[in-house]
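Subject: Handover of a structure and the findings from it

Dear colleague,

Please find below the structure that I am handing over to you.

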Amino acid sequence: MKQLFCVLLIANVFSVQGQKMPAVYPIPSKPQLAWHDMEYYWFTHFGPNTFTDKEWGHGDEPEDIFNPTQLDCRQWAKLAKAAGAKGIIITAKHHDGFCLWPSKYSTHTVRESKWKNGKGDVVKELSLACKEFGLKFGVYLSPWDRNHPKYGTPEYNQVFVNMMTEIFANYGPIWEFWWDGANGEGPNGKKQVYDWELFRNTIKKLSPNTVVFSDVGPQIRWVGNENGFAGTTNWNLLNVTGFSAGAAGPSTDTLNRGNMFGEKWIPAECDVSIRPGWFYHKEEDNKVKTPAYLFDLYLKSVGRGANLLLNIPPDRTGHINANDSAALVGFKKLKERNFSTNLLLKKGAIIKNNISGKSTIQLTDKKQSSFETLSTGPTAAITIQLGSSTTINAIQLSEPIEQGQRIYNFSIRLKDAKGNILKEIKGTTIGRNRILSFPSVTAQLIEIMIEGSKETPLLSELAAYQIDENLVEK
Ligand code: FUL
């Protein structure tokens, strides 16, 4: 009751296509809404570790170690575009402290290396390549720095702020900024007490539209694992009071599922590498994830309302390896082929909202912002007459999240022409996107029941597919 009262108290009135609907708070900001639309993009781990075969450099590697023989950021961007990714986030500084740009605030950078006689700048090259290929550009900056002499002292927080300031001044616009929560010891054996508030305020001031990732946001949260899986229940909401990135955060379970009544809109991002490691290691050339595995990751991340941040590490020449390229293009083809035909749009199919008793085309118009208002309870809110027997093994649903995330229990029944139930599927949250896949069923009728919703349930998109049977989620 108390919760309901709060919801009503802070409710705002929205008008979408003539419908007035109070939003259920919290709701996403504009940059967050745009972030949800990104769905799938790349991470790129590159730096001294690429040349030493380490995952965590010690910070004492000689700068000359970094020497890509034919760095080609255009190759990365061209491939990302061809593979359907919408942006690239680069490790401008990993835990070893090496800066891939010539920072004024460090003496451990590309400038001190032999690469391009110290005149190279990877961050610049990639930011330009992303612009050229129409990709968003993002930056990972590790606060943990195993090289910087000031790390472990209060002055280091300002060093980190200065580095961020350089990045925004020289390589913007930055669409996403990534703060790793790792907090180990520096060269003087001390750990840093990070001034997260100062870091947050710095970005807010320099670039208010940049979305910032850390374990606990402020805009995007970690999903609680590095396997690329969001929870089957996934709230875009999180309680963050008293928490910070790193050890003092919520449990990994909470990060995986969010909080049903969380105080802030902080959606989950699934970071995962295409290889076992984050950095390139030659011995992993035959351990690249297959297109089918990547498709499964897509179902478990984007298909659960999160975004997929897939790491593609370039090799020592500065290129993406041919095995990774082949897997990425294969993955794109699988996505395109399997999601090309929404069976609810086939001739003779009719989708009915049972409140009005009328048929609707809003759910298949591919517009996230147009929606249907649904009924709750054990009877069907939506009925779909397929017109003829149709084989289906995946159903996709979306809520108009700009109105707040509402639904927490729903079920789907697939029936034959006589009304016999062939299959019943149960789900919890929907959010930006929910894809449920199951062994094929040949049905004539689909019913969708909304059994639990914080407020009036709204649905914006609905689709049914027949995907390759081997791609059905295990
Ligand atoms: C972790 C780091 O320690 C890994 O090296 C990697 O960068 C991953 C994305 O985040 O916290």
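The notes below begin with the chain as a whole and then turn to individual residues.

The structure is a predicted model, in which local features need pLDDT of at least 70 and side-chain atom pairs count only at pLDDT 80 or more, while totals for chains, interfaces and linings use all residues. Residues are numbered from 1 along each chain as its sequence is written, and side-chain values use heavy atoms, with hydrogens and water left out.

**The chain as a whole**

The protein chain contains 10 helices and 21 strands; these are DSSP runs numbered from the N terminus, with helices (H or I) of at least four residues and strands (E) of at least two. Its radius of gyration is 24 Å, close to the 23 Å that the globule rule gives for 474 residues, so the chain is as compact as a globular protein of that length. Here the radius is taken over C-alpha atoms, and the rule is 2.2 Å times the number of residues to the power 0.38. The C-alpha trace spans about 75 × 50 × 35 Å along its principal axes.

Of the 474 residues, 59% count as buried. Buried means under 20% relative accessible area, exposed means over 50%, and partly exposed lies in between (1.4 Å probe, protein chains only). Among contacts (heavy atoms within 4.5 Å) between residues at least 6 apart in sequence, 77% join residues at least 24 apart. The chain exposes about 19100 Å², of which carbon and sulfur atoms supply 53%; accessible areas come from the Shrake-Rupley method with a 1.4 Å probe, and for residues only the protein chains shown count as cover.

**Asn-393**

Asn-393 is found in strand S16, residues 382–398, and is buried, with a relative accessible area of 0%. Its side chain reaches the backbone nitrogen of Ile-467 at 2.7 Å. A polar contact of 3.0 Å also joins the side chains of Asn-393 and Glu-469. A polar contact is a pair of N or O atoms within 3.5 Å; within protein, one must be able to donate a hydrogen and the other to accept it, and residues adjacent in sequence count only if both atoms are side-chain atoms. Not counting residues up to four places away in sequence, Asn-393 touches a set of residues including Phe-438, Pro-439, Tyr-465 and Val-472.

**Asp-285 and helix H9**

Asp-285 lies in the loop between S11 and H9 and, at 12% relative accessibility, counts as buried. Its side chain makes polar contacts with the side chains of Arg-275 at 2.9 Å and Tyr-280 at 3.0 Å. Asn-321 and Asn-323 are also among the residues that Asp-285 touches. By contrast, Asp-285 and Arg-406, 121 residues apart in sequence, are 44 Å apart in space, C-alpha to C-alpha.

Helix H9 (residues 291–300) is mostly covered, with 7 of its 10 residues buried. Leu-294, Phe-295 and Asp-296 are among these buried residues. Their cover includes strand S11 (268–273), strand S12 (307–311), helix H10 (322–338) and strand S19 (434–453).

**Leu-238**

Leu-238 is placed in strand S9, residues 237–238, and counts as buried at 0% relative accessibility. Leaving aside neighbours within four places in sequence, its contacts include Val-216, Arg-221, Leu-255 and Ile-266. The C-alpha atoms of Leu-238 and Ser-370, 132 residues apart along the chain, are separated by 26 Å.

**Backbone features**

Two cis peptide bonds may be noted here. The bond from Tyr-25 to Pro-26 is cis, with omega near 0°, and Pro-26 is in the loop between strand S2 (19–22) and helix H2 (30–38). A cis bond also joins Gly-217 and Pro-218, with omega about 25°; Pro-218 lies in the loop between strand S7 (211–214) and strand S8 (220–222).

Glu-39, although not a glycine, has a positive phi of about 55°. It lies in the loop between H2 and strand S3 (40–44) and counts as buried at 17% relative accessibility. Lys-116, also a residue other than glycine, has a positive phi near 50°. Lys-116 is in the loop between strand S4 (87–93) and helix H5 (122–132) and counts as partly exposed, at 44% relative accessibility.

Yours sincerely
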